[in-house]
Amino acid sequence: MKKFFALMMAAMMVVAMFAGCGNAEADAGTIKIGMTGPLTGGAAVYGTAVEAGMKIAVEEINAAAGEDGLKIEFKSQDDEHDAEKALNAYNTLKDWGMQFFAGAVTTAPCLSIAPSAVEDQIFMMTPSGSSEKIANSGSNIFQMCFTDPNQGANAAVLVSEKNLGTNIGIIYDSSDDYSKGLMQGFKDKAAELGLNIVCETSFTNANSSDLSTQVTQCKDEGCDFVFLPFYATEAAQVLTYANKIGYEPTFFGCDGMDGVLTSDGFNTDLAEGLILMTPFNPDAPETQDFVAKYQAMMNDVVPNQFAADGYDVIYAIYDACVATGIDGATPAADACAKLEEYFATYSFDGLTGTGMTWDASGMISKIPAAVIIENGKYVAF
Amino acid sequence: MKKLLSNKTTRTNTITYLVVTIAFLVMQILSSLGMLGSATKGYLVPLCAYIVMAVSLNLLVGVCGELSLGHAGFMGIGAFTGIVVAAVLKNVIAGDVLRLIIAMFAGGIMAGCFGFLIGIPALRLRGDYLAIVTLAFGEILKNVIGNLYIGLDSEGLQVAFSAGSVELLEGGKMLLDGPVGATGIEKISSFPMGFVLILFTLFVVLNLINSKEGRAIKAVRDNRIAAESVGINVTAFRMKAFVVSAFLAGMAGVLFGLNISSLQASKFNFNTSINILVFVVLGGMGNILGSVISATVLYILPEAMRGLDDLRMILYAVVLIIVMLCTWSPGVKNFMDRIRTSIRAKLRKNGKEAVNNE
Amino acid sequence: MQVLQYLINGVSIGSVYAIIALGYTMVYGIAKMLNFAHGDVIMVGAYISFCVTNYMGLPAIVSILAAMVVCTVLGILIEKLAYKPLRGTSSLAVLITAIGVSYFLQNAAQLIWGTAPKSFTSIVTFKPFSFADGALVITGEVIITIAVSILVMVGLTLFTGKTRMGKAMRAVSEDRDAAQLMGINVNQTISMTFAIGSALAAIAGVLLCSTVPTLQPTTGSMPGIRAFTAAVIGGIGSIPGAMLGGILLGIIETFSKKYISTEFSDAIVFAVLILILLVKPTGLLGKQVQEKV
């Protein structure tokens with residue numbers, strides 16, 4: 001058996017080494033964009049959505065480029081929502097000859113890759129990594145989505161402006177930086193605006209399978225407005241349980257909750273009246289082309305804002321390359337310097353907003369949008 | 001007979017050290033010649049950490065026969081201790097190597113202390129009950145570290161269990177930020193240091209196994225009651241192995257933590273513990289070189305299969321099951337043995353004929 | 001009244017743990033192995049039930065039966081292919097294989113059903129009972145889950161106590177070699193155990209997802225670990241113990257979330273587990289086995 005092992009090890013080593021040596025020839029007509037994201041495991045739903053959105057953009061661009069236009073070669077790698085695996089995935093892409101890095105999807109992998117991207121001077125734009133720390137890692141790191149505290153603050157402003165509730169409850173995921181960042185941003189702004197928060201309760205990813213206690217707590221405290229800064233998976237649970245016990249406050253979610261309506265088998269009646277902040281509306285006329293392509297690719301699943309962010313990232317990078325004359329032969333570091341300069345004055349129109357601009361640290365500025373669910377559809381709020 | 005036996009162990013140990021050293025030299029040479037891709041270079045340090053984890057767990061599972069499902073918890077304690085220590089010493093000690101070594105020992109000692117604390121209740125239990133207690137401790141540690149906030153400013157360290165309680169002065173830095181974990185970690189680990197840590201681990205573990213105490217530990221594993229009846233202090237030996245194992249896991253954690261720029265407590269969950277256990281079982285219980293090799297193979301296998309996209313993890317699972325069946329199943333073993341004997345018999349026959357023909 | 005509501009919430013999630021723990025404990029008691037793939041069989045059961053109701057439009061009861069049939073076949077297949085060849089070797093080897101099976105099932109589910117979570121429609125259709133003007137609400141799922149887990153517990157106790165097959169199982173559990181000498185077909189008995197355990201997993205999957213409606217490939221893993229903990233608290237191998245452990249775990253979890261800290265509730269749950277094991281090293285209702293020299 002020992003021999004069997006030794007042989008296997010030798011074989012693996014050889015494979016691993018040659019995998020590292022396969023530096024392909026740079027082709028001037030094709031730029032290389034790489035992406036990492038959780039394609040397997042618990043967070044796979046976000047990774048696969050971003051990946052599909054990006055693939056659609058790449059297909060569109062390559063089809064439109066024709067014979068002589070600039071094309072994109074795209075490669076995605078699984079990071080399993082793990083900081084260590086993400087770095088391996090990024091290195092694999094680097095060996096492939098990646099010029100631009102359009103990842104990662106979730107925050108922890110973004111934070112582990114960002115210092116390497118800064119060191120290698122590879123232009124990085126994350127579609128959905130929303131911690132402020134990501135853009136602050138370096139001048140070549142950009143974000144396509146809002147940062148968490150910003151979005152939380154935007155939510156508080158909206159609550160105050162539209163007078164959505166007097167007794168406010170918050171349920172958040174204390175083991176998740178996204179959720180915590182939003183909660184903190186919301187709370188700080190709410191204090192400033194004089195909103196009355198009466199109940200603040202949390203869960204962790206290890207005990208998120210049962211949220212009945214938290215919902216009951218909000219009910220006991222008499223909350224007429226509950227802020228839910230977390231993902232669709234847990235939101236469905238909260239809505240279902242609240243419905244069971246006949247609790248009907250105004251529920252308010254953030255962009256992570258996008259997709260709650262379209263999860264297979266979900267009773268959309270439960271989400272009636274739910275307000276959420278999302279930059280992407282799959283029911284709007286201008287997104288229908290994208291929605292149709294996505295559904296064709298992903299077995300009729302309706303795209304959420306993750307997919308749309310991914311789609312926008314590819315277009316943002318591609319358009320900037322065309323404008324600055326970058327092609328497949330431009331070394332990654334040169335391309336990075338050019339794009340960094342270009343993004344300072346760049347105004348980009350995409351699926352998730354128009355007239356998007358980036359500040360010096362790489363954070364995005366776009367108009368916050370909210371929707372309310374009426375008759376099972378998103379309606380601009 | 002006794003001499004022969006000791007020679008055999010010496011030989012096995014020498015081979016172990018040799019294999020590790022040669023592998024290190026080969027990788028170093030390839031690296032200096034620029035023949036390694038970034039991906040391969042990126043594997044090296046985590047791989048060293050996992051090898052140390054596997055060897056230290058083997059001491060517990062293979063040599064002592066105690067099933068532990070929370071080994072990653074010790075790695076986590078070590079990692080976060082090391083990160084804090086390395087950050088605190090940044091302005092005190094200039095050399096990265098020295099700082100790393102101090103951090104490693106700090107992480108190891110911290111993990112060892114926790115190992116001792118956990119060992120007190122855990123070692124009163126046996127078998128699967130011990131396993132669940134180690135699992136429980138792993139989960140508790142993950143939960144507590146995930147809610148720990150540590151900040152550093154000119155006045156010193158601040159530790160708290162809620163985000164608002166740490167108020168830093170100008171220029172202060174959050175070293176550990178609850179669920180966000182540690183970010184912006186300075187990478188001071190290196191492959192040569194990983195290699196040194198492996199050698200240190202092998203030295204500690206192999207010496208412990210081959211010492212008088214090691215034989216006592218093995219006697220306890222094979223038959224606890226018999227061992228007790230000849231006056232071996234079972235609990236003391238189990239505790240020693242437990243603490244040493246935790247200490248080494250803590251050091252591995254420091255090596256791992258100071259090689260990555262962002263680290264969360266959730267990394268050290270049940271799944272990581274299980275992965276390390278897989279390394280140990282597949283490499284062979286009590287077989288130290290086996291642990292080294294299987295940690296290497298199993299760490300690189302999913303990375304090398306990246307080209308397979310969607311099918312990658314499912315094929316990894318299939319390979320894992322098949323290898324387990326091939327290496328452990330009595331049926332398959334008999335089958336392989338039969339083939340081997342028949343081949344050998346044939347060879348011998350051919351050899352004889354060749355001799356006869358001459 | 002408030003305390004009562006939290007108690008009911010605790011019993012609700014606890015009874016789901018209990019029914020998963022029954023499957024764990026059954027397999028452990030007889031096959032003497034920690035089947036870490038049990039949680040994933042639950043996930044498969046829930047997916048089958050989901051597909052039958054949502055894609056084929058058949059009634060809930062048919063979907064449960066379909067899930068039970070599929071899971072039973074799956075359980076027997078797993079046992080035959082992955083566990084049986086390793087029988088008689090180290091229990092750790094089987095544990096690792098079980099983990100391999102667990103990875104396999106999760107990734108296969110992702111390939112088949114995709115990554116997007118499904119919203120499971122509860123099989124319980126009647127309205128929740130509401131007392132004291134809605135201050136106390138008992139949902140239909142709680143009643144059904146508790147009723148089913150008690151039914152399963154009693155059924156299993158009767159089965160192992162009275163029937164020929166059940167007695168054979170107990171014999172195999174006590175002493176495999178002696179059982180074989182008495183003419184019991186050990187392999188068949190263990191296969192039967194897996195079949196029953198997996199059928200229970202299907203029911204548990206449907207009940208789990210009726211209580212907690214999100215269904216994705218990793219749905220089974222966390223409740224699986226919780227249920228394993230529950231089984232150990234009750235004394236692994238003991239059928240009433242699994243029930244007791246599950247309910248107790250659910251109540252401890254809910255109360256520590258409410259009255260101590262939501263952030264540290266995991267730590268509290270596991271700390272209680274350790275305390276219980278210190279006082280009763282083989283769990284609350286576990287048998288103290290005398291070691292033979």
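**Close-up views of a predicted model**

**View 1. A pair of facing residues in chain A.** In strand β2 of chain A, A:Glu73 lies opposite A:Lys32. The model shown in this and the following views is predicted. Strand β1 of chain A, residues 30–37, pairs with β2(A) in the parallel sense, and the pairing comprises eight bridges. β2(A) itself covers residues 71–78 and is mostly covered, with six of its eight residues buried.

**View 2. The β-α-β unit of chain A.** Three elements of chain A form a right-handed β-α-β unit: β1(A), helix α2 (residues 44–65) and β2(A).

**View 3. The two domains of chain A.** According to the domain assignment, domain 1 of chain A consists of residues 2–146 + 290–365, and domain 2 consists of residues 149–278. The centres of the two domains, taken over C-alpha atoms, are 31 Å apart. Where the domains meet, ten residues of domain 1 are in contact with eleven residues of domain 2. The side of domain 1 that touches domain 2 has four nonpolar residues, five polar residues and one charged residue.

**View 4. The contact between chains A and B.** Chain A places 33 residues in contact with 30 residues of chain B. On the side of chain A that touches chain B, at least two residues come from each of α1 (2–21), β2, α3 (83–96), α4 (107–120) and α7 (177–193). The largest share of this side is that of α1(A), with ten residues. By class, the side of chain A that touches chain B contains 15 nonpolar, nine polar and nine charged residues.

**View 5. The contact between chains C and A.** Here 37 residues of chain C and 35 residues of chain A take part in the contact. The elements of chain C that each supply at least two residues of the side touching chain A are α1 (2–31), α2, α4 (91–113), β1 (118–119), α9 (221–234), α10 (239–260) and α11 (265–279). Of these, α1(C) gives the largest share, six residues. The residues on the side of chain C that touches chain A comprise twelve nonpolar, 19 polar and six charged.

**View 6. Helix α2 of chain C.** This helix spans residues 38–54, 17 residues in total. From its first C-alpha to its last, α2(C) reaches 24 Å, close to the 24 Å expected at 1.5 Å a residue. The helix is mostly covered, since 16 of the 17 residues of α2(C) are buried. α2(C) is also among the elements that each supply at least two residues of the side of chain C that touches chain A.

Conventions
Residues are numbered from 1 along each chain as its sequence is written. Chains are lettered from A and ligands numbered from 1 in the order in which they are written. This is a predicted model: local features need pLDDT of at least 70, side-chain atom pairs count only at pLDDT 80 or more; totals for chains, interfaces and linings use all residues. Helices (H or I, at least four residues) and strands (E, at least two) are DSSP runs, numbered from the N terminus. The expected span of a helix is 1.5 Å times one less than its number of residues. A residue is buried if 20 or more other C-beta atoms lie within 10 Å of its own, exposed if 12 or fewer, and partly exposed in between; C-beta atoms are placed from the backbone. Two strands pair if DSSP finds at least two bridges between them. A crossover is right-handed if, with the strands pointing away from the viewer, the path from the first strand over the helix to the second runs clockwise. Two residues are in contact if their C-beta atoms, placed from the backbone, lie within 7 Å. Ala, Val, Leu, Ile, Met, Phe, Trp, Tyr, Cys and Pro count as nonpolar, Asp, Glu, Lys and Arg as charged, and the others, Gly among them, as polar. Domain bounds come from an automatic or database domain assignment.
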